[in-house]
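Please look over the sequence and the 3D structure below before reading on. The report that follows describes the chain and then some of its parts.

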Amino acid sequence: MTTTFEKLRAGDAIDGPAFAVSRESIRLFCDASLDYNPLHLDDEYMKGSFGKTNFGGIIMHGMNNFGLISRMITDWAYPAGAIHRRLETRWVKPVRPGDTIQPAGIIKAKQVTEKSRWVLIDVVVKNQTGEKVATGEALVEFPRDLFCQ
């Protein structure tokens, strides 16, 4: 559904696609990112403790959350002629094979400046039990004139 800047209100929701995490999806992200950290590939390595943390098995890349949020924002913004300008995230809880995660956003604020129009969005990724696995904030620009940037 395409929206316009004028129709948006604080509190409006944005839903992203669900993503089923598997060993294969984790391995594919390793290949795409060139990050072959044993946290994502080696169950034996992950049986150990990392300070106060024991993951008990491999975990998904945190940047995979970032990518899923980015897809949600872009899928929502691009049809409306808007541009995804910034995303800051924090990983809250590890994601494991077998989890299903889904991003969502809530419009926090709108602002009009001399040169453009901006939307600030609180974002969250939750797992299948509703636990937050990532949180953050995104900034989307609705340019006044796409040809005068």
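Buried here means under 20% relative accessible area, exposed means over 50%, and partly exposed lies in between (1.4 Å probe, protein chains only).

The model is predicted: local features need pLDDT of at least 70, side-chain atom pairs count only at pLDDT 80 or more, and totals for chains, interfaces and linings use all residues. Residues are numbered from 1 along each chain as its sequence is written, and side-chain values use heavy atoms, with hydrogens and water left out.

**The chain as a whole**

The protein chain has three helices and six strands, in the order β-β-α-α-α-β-β-β-β from the N terminus. Helices (H or I, at least four residues) and strands (E, at least two) are DSSP runs, numbered from the N terminus. The C-alpha trace spans about 55 × 30 × 30 Å along its principal axes. Of the 149 residues in the protein chain, 36% are buried. A contact means heavy atoms within 4.5 Å. Among contacts between residues at least 6 apart in sequence, 65% join residues at least 24 apart.

**Strand E6 and its partners**

Two strands pair if DSSP finds at least two bridges between them. Strand E6 pairs in the antiparallel sense with strand E3 (residues 83–91), over eight bridges. Tryptophan 91 has alanine 134 in E6 as its bridge partner. Strand E5 (residues 117–126) also runs antiparallel to E6, and nine bridges join the two. Here valine 124 has threonine 135 in E6 as its bridge partner. E5 and E6 form a hairpin with five residues between them, and glycine 130 in the turn has a positive phi of about 85°.

Asparagine 127 is in the loop between E5 and E6. Asparagine 127 counts as buried, at 9% relative accessibility. Leaving aside residues up to four places away in sequence, asparagine 127 touches Lys93, Thr100, Ile101 and Val133.

In helix H1 (residues 23–33), the residues Ser25, Ile26 and Cys30 are buried. Seen down the axis of H1, the buried residues fall within an arc of 150°, so they line one face of the helix. The arc is that of the directions from the helix axis to the C-beta atoms. These buried residues of H1 pack against strand E2 (19–20). The face turned away from the buried side carries the exposed residues Glu24, Leu28 and Ala32. Just after H1, leucine 34 takes a positive phi of about 65°.

Tryptophan 76 lies in helix H3 (residues 62–77). With 12% relative accessibility, tryptophan 76 counts as buried. Tryptophan 76 touches Thr3, Leu8, Ile14, Ile107, Val119, Ile121, Val140 and Phe142, not counting residues up to four places away in sequence.

The table gives two pairs of residues by their separation.

| Pair | Apart in sequence | Apart in space, C-alpha to C-alpha |
|---|---|---|
| Asparagine 127 and alanine 104 | 23 residues | 11 Å |
| Tryptophan 76 and threonine 3 | 73 residues | 8.2 Å |
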